[in-house]
Amino acid sequence: MSRTEAGRPMARGDARRSARLGLTLRSILLSPAAGFSSALRNSERRSRAGRRPAEGWAPVVLTAIGGASLASLWLKVGALVGLREVCADARLLSYLVATLVLGSLLALIAYAVWGAAGPSVTRMFHGSGSSSGLRLVWGAALLPQVFGLFVLLPLDLAIVGMDTFTTSSLADPLSTAWAAFSIALSVSLAVWSLFLLVRGVEVVAELPAARAVACAAGAALCLLLVVGVLAAFTLLAPGGGACPTQLR
């Protein structure tokens with residue numbers, strides 16, 4: 001068999017897996033219960049086949065993207081309500097990139113923490129979620145954040161510029177209007193992600209809605225704890241850098 005012939009089944013298999021993944025993600029957005037049920041079945045098949053990670057790599061990628069998107073939301077909201085003081089100098093672009101990368105890393109750490117602690121949390125509420133299933137829910141719930149990172153963020157930089165991430169006042173009415181719209185849309189995406197997290201936990205852990213909300217709060221707490229540990233180390237560190245982000 002030639003290399004071309006040998007490669008064709010693999011290419012078709014990759015295409016089918018990509019198409020199946022796309023359909024599953026779309027189903028999660030449009031019909032969360034059916035979408036998460038389908039994704040969980042795929043994860044269980046992968047686990048029985050001995051493939052690792054059982055949930056696949058898509059939740060890991062979505063977690064990294066979601067962490068960066070939520071970090072950009074923090075920059076915008078923190079500057080708006082005056083929780084942060086950010087200097088506007090030549091290093092601001094580097095600061096933005098570093099914040100997005102840090103957001104991705106923190107989200108991935110929280111993803112691992114939730115995978116380890118999640119089954120115990122679900123058992124507290126008389127649920128039965130597995131580590132891989134709960135990690136799957138975590139990653140898939142961040143799917144709306146793809147829009148925030150790859151659509152909203154470039155538009156923010158194109159329309160408003162770096163001032164959208166600082167405490168500098170916006171004199172241009174168009175920039176001001178867009179900044180307000182962007183923040184409102186980013187918050188809506190975060191709420192959507194939270195809704196998907198609750199629905200996913202409800203399906204994977206087989207919990208009623210009220211207990212799924214409480215269990216999802218445990219997932220959010222994992223992220224807050226990871227961020228809180230970093231914030232504590234930051235506050236204890238001497239100096240604060242040339243472009244600090246300090247709580248008032």
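A: Cys222 is buried, because its relative accessibility is 8% and the cut-off for buried is under 20%. The model is a predicted one. Cys215 is buried too, with a relative accessible area of 0%. Now the sulfurs. A search of the whole structure finds zero disulfides. Cys215 is in no disulfide. Its nearest cysteine sulfur belongs to Cys222, 9.5 Å away. Seen from the other end, Cys222 is in no disulfide either, and the nearest cysteine sulfur is that of Cys215, at 9.5 Å.

Next, a buried serine. Ser69 sits in helix α3, which spans residues 58-81. Its relative accessible area is 3%, so Ser69 counts as buried. Leaving aside residues up to four places away in sequence, Ser69 touches Gln145, Gly148 and Leu149. Contact here means heavy atoms within 4.5 Å.

Now the backbone. Start with the peptide bond between Arg52 and Pro53. This bond is cis, with omega at about -5°. Pro53 belongs to the loop between α2 (32-48) and α3. Helix α3 is also the helix that holds Ser69.

Two residues then call for a look at phi. Take His126. Phi of His126 is near 65°, a positive value in a residue other than glycine. His126 lies in the loop that runs between α4 (92-124) and α5 (131-141). Is His126 buried or exposed? At 64% relative accessibility, His126 is exposed, because the cut-off for exposed is over 50%.

Glu206 is the other case. Phi of Glu206 is near 55°, again positive in a residue other than glycine. Where does Glu206 lie? Glu206 is in the loop between α7 (173-204) and α8 (209-236). With a relative accessible area of 62%, Glu206 is exposed.

Ser69 is buried at 3%. His126 is exposed at 64%, and Glu206 is exposed at 62%. The cis bond joins Arg52 and Pro53.

Notes
Residues numbered from 1 in each chain as written. Predicted model: local features only at pLDDT ≥ 70, side-chain atom pairs only at ≥ 80, totals over all residues. Heavy atoms only, no water. Disulfide = S-S within 2.5 Å. Buried < 20%, exposed > 50% of the residue type's maximum accessible area, 1.4 Å probe, protein only. Helix = DSSP H or I, 4+ residues; strand = E, 2+ residues; numbered from the N terminus.
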